[in-house]
Amino acid sequence: MFINIPWFSTFTLCTEILVTAGLFYVFYFAYAKNIFSYKTAGVVLAYEILFNITYMAKRFFTHVDNAIIPHSSFYIALAIFHGTFSLLMFILLVIFMFFAWKNYGRGINYFKEHRRMTIVFLVSWIIAVLSGVLFYYVAYFSS
């Protein structure tokens, strides 16, 4: 069973959890200590662009379905939700980090100033990551 799992899928799943930890690190220190970690934010954004967006594009253009049994409607809906929502969250991450970067540079605690938006973003990010974990499980471990 494990032989059929693409290594890049497993790698991306594991590193996305690390990216999420980095993202929460940036948000925590920026919110609680008014210190915006420009380097960590840059690494998170660079990783998302270089690996996750590349991975999503590669899977979109090269996915070959070798399944004998057609996929369930849940699997298809989950694939659509995860792909669309993850891409939306990436775009929002870029926008959010841009405004945070500018505001923290001027001494404004952007995440405190926009507390509700920050919470909604973080909860949405977690939903996107968990939908990826669920999609990975459904794709490779459910029968």
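**A close look at one helix pair**

Analyst: Happy to! Helix α3 has 33 residues and covers 47 Å from its first C-alpha to its last, close to the 48 Å expected at 1.5 Å a residue; that expected span is 1.5 Å times one less than the number of residues in the helix. Before going on, please note that this is a predicted model, in which local features need pLDDT of at least 70 and side-chain atom pairs count only at pLDDT 80 or more, while totals for chains, interfaces and linings use all residues. Residues are numbered from 1 along each chain as its sequence is written, and side-chain values use heavy atoms, leaving out hydrogens and water.

The protein chain has 5 helices and 0 strands, where helices (H or I, at least four residues) and strands (E, at least two) are DSSP runs numbered from the N terminus. The partner of interest is α1, with 27 residues and a reach of 38 Å between its first and last C-alpha, close to the 39 Å expected at 1.5 Å a residue.

Now for the pair itself. The axes of α1 (residues 7–33) and α3 (residues 73–105) come within 13 Å and cross at roughly 30 degrees. Here, axes are lines fitted to C-alpha atoms, for helices over the stretch in contact, with angles running from 0 to 180 degrees between N-to-C directions. The two helices are therefore roughly parallel to each other, a label for angles under 35 degrees. Their contact (heavy atoms within 4.5 Å) is made by L23, V26, F27, A30 and Y31 on the α1 side, and by L93, F96, M97 and Y104 on the α3 side. These residues divide into 9 nonpolar, no polar and no charged; Ala, Val, Leu, Ile, Met, Phe, Trp, Tyr, Cys and Pro count as nonpolar, Asp, Glu, Lys and Arg as charged, and the others, Gly among them, as polar.

A32 sits 13 Å from H114, C-alpha to C-alpha, although 82 residues separate them in sequence.

Finally, the helix ends: just after α1, N34 takes a positive phi of about 60 degrees, and α3 is followed by G107, with a positive phi near 85 degrees.

Key
Parallel < 35°, antiparallel > 145°, perpendicular 65-115°, else oblique.
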